[in-house]
Amino acid sequence: LEAEMLQMEKFSLVAELAAGTAHEIRNPMTTMRGFLQILAKEFKSGTKGYEYCELMIEEIDRANAIIKEFLLLTKPAAPNLRECDLHVILEEIFMLIESKSLLEDVKLNKRYAKSLPLVEADPAQIKQVFLNLATNAIQAMPAGGELTIATSVSNGTVVVRFTDTGCGIEEAQLARLFDPFFTTKEQGTGLGLTISYRIIEGHRGRLHADSTPGKGTTFYVELPGLKK
Ligand code: ADP
C-alpha cells in the first residue's frame, strides 16, 4: 500500500510540474500576442508587415490551443520557497499587462503599502497567480475600466487585492469560481483559478473573492508575512 501511495505521489508531482509549465508558457505568449496586435497597427492592412503580424498571431493562437488541451489533463507543482518582496513581483506584472490594458482601455492603479513584510514564496508560482488574476480582471472589462492592485498588512498577514470595475460575478457562480473547468469564456479553460487556489493553498495562504454583479470584483491573496 505504501509503495502504491508513493507511486501515486510521484505521478501527481510530474503531472503538477507539467501543468505548471504549460500554464506558464501561455503567459509570455499572451504578452507577445498583445505586442503583435500593437505592431500590426503600425502597418497598413494589405501590407506584408501587417500580414506577417496576423500570421504570427494565428500561430500563437494555435500553440495556445494545444497547451489548453494539454492543461485539461493536468495540475500544479510543490512550491520552491524563497524570501520574496511581493512589490517586486507586482512591478513585473504591471509591465506584462501594460500592453493588454492599453488595448482594452483599462486604467491601471497601484496602491502599495508603505512597507510590506517579505513572504516565503515561490516567485514563479506567485507571479503566475498574480498574472492570472490581473488577466481575468482585464477580461472582465471588455468596454474598459480600472484595475487597482493594492497591498496591505493585517496582523502579520500580507494582503494583495485585485479590484476591477468589470462585469462582476453572480452569487451562484461565486461558489464555483475555483472549481476545475468552471469558465464563462469561449476561449476559457476554467483552470486558472483552480491552479491559483492550489498554489496559494500550497503557500499556507488564502485566495478568495467578493463581487457585485455589474459593478466589479475583488480578489484577495493572503500570505503569511515573515517577521523581521
Ligand atoms: P478562465 O479564465 O479560463 O475562464 P479561470 O479559472 O481563471 O478560468 O476563471 C473562471 C471564471 O471565473 C471565468 O470564466 C469568469 O467567469 C470568472 N472570473 C474570474 N475572474 C473574474 C473577474 N475578475 N471578474 C468576473 N469574472 C471573473
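**Briefing: fold, core and ligand shell of a predicted model**

Of the 21 residues around the ligand, those that come nearest are Ala140, Thr183, Gly188, Gly192 and Leu193; a residue is near a molecule if its C-beta atom, placed from the backbone, lies within 6 Å of it. The model is predicted: local features need pLDDT of at least 70, side-chain atom pairs count only at pLDDT 80 or more, and totals for chains, interfaces and linings use all residues. Residue numbers start from 1 along each chain as its sequence is written.

**Ligand shell**

- The elements that give two or more residues to the shell around the ligand are α4 (123-139) and α6 (192-202); helices (H or I, at least four residues) and strands (E, at least two) are DSSP runs, numbered from the N terminus.
- By class, the shell comprises eight nonpolar, eleven polar and two charged residues. Ala, Val, Leu, Ile, Met, Phe, Trp, Tyr, Cys and Pro count here as nonpolar, Asp, Glu, Lys and Arg as charged, and the others, Gly among them, as polar.
- A residue is buried if 20 or more other C-beta atoms lie within 10 Å of its own, exposed if 12 or fewer, and partly exposed in between, with C-beta atoms placed from the backbone.
- Just after α6, Arg204 adopts a positive phi of about 55 degrees.

**Overall architecture**

- The protein has six helices and seven strands, in the order α-α-β-α-β-β-α-β-β-α-α-β-β from the N terminus on.
- Of the 228 residues in the protein, 27% are buried.
- Among contacts with a separation of 6 or more, 75% involve residues 24 or more positions apart; two residues are in contact if their C-beta atoms, placed from the backbone, lie within 7 Å.

**The five-stranded sheet**

- Five strands form an open sheet in the order β2-β4-β5-β7-β6, with mixed pairing; two strands pair if DSSP finds at least two bridges between them.
- β2 (106-111) and β6 (206-212) stand at the edges with a single partner strand each, so one side of each has no neighbour in the sheet.
- From one strand to the next, the twist averages 15 degrees. Axes are lines fitted to C-alpha atoms, for helices over the stretch in contact, and angles run from 0 to 180 degrees between N-to-C directions.
- β2 and β4 (residues 145-154) run parallel and are joined by six bridges, with Asn109 opposite Thr148 in β4.
- β5 and β7 pair in the antiparallel sense over eight bridges, and Arg161 stands opposite Tyr220 in β7.
- β6 and β7 are also antiparallel, over seven bridges, with Ser211 opposite Thr217 in β7.
- The hairpin of β6 and β7 has three residues between the strands, and Gly214 takes a positive phi near 85 degrees in it.
- Helix α3 (residues 86-103) lies across β2, β4 and β5 (157-164), at about 175 degrees to β4.

**Nonpolar core**

- The largest nonpolar core contains 32 residues, and Phe130 and Ala134 have the most contacts inside it. Such a core is a set of buried Ala, Val, Leu, Ile, Met, Phe, Trp, Tyr and Cys residues joined through C-beta atoms within 7 Å.
- Two or more residues of this core come from each of α3, β3 (119-121), α4, β4, β5, α6 and β7 (216-224); α4 gives the most, with eight.
- Apart from its neighbours within four places in sequence, Phe130 is in contact with Ile89, Leu90 and Ile93.
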